[in-house]
Amino acid sequence: MVNEGCLPTMDLLRSEPMQLVHLIIPIEAAHRSISYLGDLGLVQFRDLNADRSPFQRSYATQIKRCGEMERTLRLFKEQMKKAGLSPSMQNTRNSVIDLDHLEVKLRELESDLLENKANNEKLQHTYNELVEYKLVLEKVGEYFSSARNSAVAQQKEHEVQTTVHGSIDSPLLLEQDTTSYSAKQVKLGFISGLVPREKSIPFERILFRATRGNVFMKQAVVEKPVLDPTSGEKVDKNVFVVFYSGERVKSKILKICDAFGATRYPFSDDLGKQFQMITEVSGKLSELKTTIDIQKVLQRATRDCNSQVGAIFQVLQTKESPPTYFYTNKFTSSFQEIVDAYGIAKYQEANPGVYTIITFPFLFAVMFGDWGHGICLLLAALYLIIREKKFSSQKLGDIMQMAFGGRYVIAMMALFSIYTGFIYNEFFSVPFPLFAPSAYACRDPSCRDVYTAGLIKVRDTYPFGLDPVWHGTRSELPFLNSLKMKMSILLGVCQMNLGIILSYFNAKYFGSSIDIWHQFVPQMIFLNSLFGYLSLIIIVKWCSGSQADLYHVMIYMFLSPTDDLGENQLFVGQKFLQRHQGQSYSLLHSTDDPIESGSHSPHGHEEFEFSEVFVHQLIHTIEFVLGAVSNTASYLRLWALSLAHSELSSVFYDKVLLMAWEFNNTIILIVGVIVFICATVGVLLLMETLSAFLHALRLHWVEFQNKFYVGDGYKFAPFSFALLSDEDEL
């Protein structure tokens, strides 16, 4: 111990005076006393137990514990440096430290750190393996595809040469060569994977020497470095595929791959399995990348706020249905909103929005078929699309905002309206021979226009759409009634069949074989045996030009299935088919109620459960049967709305514009034009557009989506600043 009282200032002649002291410190003050003495720095402690080994000393256990805590702290420091964190230096000498509590706390933190480290390493290892696997699938798949194309080309060239240079003996010789070649043909196996580029040449040499040249190796360079799953460092690698024959050669190749650190991945030479494997790997990569990105964001937040405890991110296994999210853009989002207004899709069920992009504007156009009106709608939609940047930054009114949000829907409806307008051959109700002259002409020169019945066919059938000669004739309305009514039934049956087919894909995806065999199959049989058959005879009647009465055919198929069809027969075997269908349906109606006949079963509890399920399914069966009839009839609105739109357009043209023209008065003509424009815009372009839109909406929600769409999910609503509007930010 240094004696400061006897110490002269700056005396270098003599050493400092020392004193030997004996300290007796209470055990509860030992830590604090030694700490203070350490701050003072004037005391040297002598070892009174120098003859004892470190393990025989009194506080050996405590020293071991301190050494273990020091190791844990070094581990923390290393991991913090790897994460880019600088450890904070705090003076804890003046604070009371409970070593027991500190030891427990450090042990818990170490356990959490090691677990998180293992999870992160495993996650990153899996991600790196999937990245390498995807590279192998792509590169080796390209090689197999090019080899297959080359083999096909060589085979075709060989066949051409054989055909040109052949003789009478050529087939026999060719058969002998083919037989001998097939006898020598050997099934080759292959191993694919990645090898570090710096080891690729020695790897190929060792393979060649070890197998004595009995392998074929193909390599492809990976352009960018990839993270090695084992070391976690970026390494330049090559994709390789080695073809071999025999198990002994395979075992040698596997040992060489292990020696050179080459990673192996399975590959299939089947194109279907290749596509499936690439899809699965891409899906897993996307999921892992999302998880890793979230973890990185949480770690960055912990580092920026200097938090001692990081956020915990853990994937939980639950039976609760996840939220539903479909990636949409500005074009598809409005169509998805139409579906979502009915109900959010259940997680992973088929999304009707994919089909709504086409079917919705098409069904609208069937009711709004006029290419003049379609051009007006298209111009309005293009105006909103061209100025969408300006409108998106402005606060619009409710109606304008609704129209702007559905600008792409309006554009699609306009395009399909132009298409169906060409089919109906109507431009503001006026027909034009756009694609060819009319196929009909007057029988003699005395025939005036088309209002008389003396028309004969003088040319080929009008190539596209309705012949303009039909407009204005006496038979125009009956002809259009028949055409549009049958067309509506065909479109309705097709869309309902599409809905039932989608229910099959839903059942197959969710693994419900009961729904396939006891819901999909009976629904397809019932719908197509009745309305599918009706669609068939409609097409047969159109193709054959028959005068059969379809009402009579369908009604008497049930009332008198055994009667002779007479002139209503459309094809051979129709009577047998209708007799079979009619008797089947009559048997269904004459069957006794199984609930009443089985109500006296002695097994009361089991009978109650069976009858409850049976009644539940019976209700759904009756609902589908009645719904099939009402849904098919509901599609007749396509016919009704189309005729209404055509007749209203014709009335405005004939009774307003033409009548004003006949007065030969400029003022009356101007007034007539103004009235015609206002009526066209207000009634046909606004009211009729809204009416056709609502009817198309009804057909999709009720007639189409109820065949397969559950719609009991809930939308994924992520916390995102980019999705917040200005009002939300305020």
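Predicted model: local features only at pLDDT ≥ 70, side-chain atom pairs only at ≥ 80, totals over all residues.
Start with helix 21, which covers residues 666-704. A side-chain oxygen of Asn 665 comes to within 2.9 Å of the backbone nitrogen of Ile 667. Further along, the helix bends by about 30 degrees at Glu 688.

Now turn to the aromatic rings. A pair of such rings is described by the distance of the centres and the angle of the planes. The model holds 37 aromatic pairs. One of them joins Tyr 342 and Trp 701, with centres 5.9 Å apart and planes at 45 degrees, so the pair counts as tilted. Trp 701 belongs to helix 21, while Tyr 342 sits in the loop between helix 8 (332-340) and helix 9 (353-367). The two residues are 359 residues apart, and their pair links distant parts of the chain. Tyr 342 is partly exposed, because its relative accessible area is 36%. Trp 701 has a relative accessible area of 23%, so this residue is partly exposed too.

Tyr 504 and Phe 505 give an edge-to-face pair. Tyr 504 is partly exposed at 25% relative accessible area. Phe 505 is also partly exposed, with a value of 47%.

One aromatic cluster includes Trp 371, Tyr 419, Phe 422 and Tyr 462.

Finally, look for charges over rings. The charged end of Lys 346 sits over the ring of Phe 510, 4.7 Å from the ring centre. Arg 407 lies over the face of Phe 404, and the distance to that ring centre is 4.2 Å.

Key
Residues numbered from 1 in each chain as written. Heavy atoms only, no water. Bend = angle between axes of the 7 residues up to and from the residue. Helix = DSSP H or I, 4+ residues; strand = E, 2+ residues; numbered from the N terminus. Polar contact = N/O pair within 3.5 Å; in protein donor to acceptor, adjacent residues only side chain to side chain. Phe/Tyr/Trp six-rings, centres within 6.5 Å; stacked < 30°, edge-to-face > 60°. Buried < 20%, exposed > 50% of the residue type's maximum accessible area, 1.4 Å probe, protein only. Lys NZ or Arg CZ within 6 Å of the ring centre and 35° of its normal.
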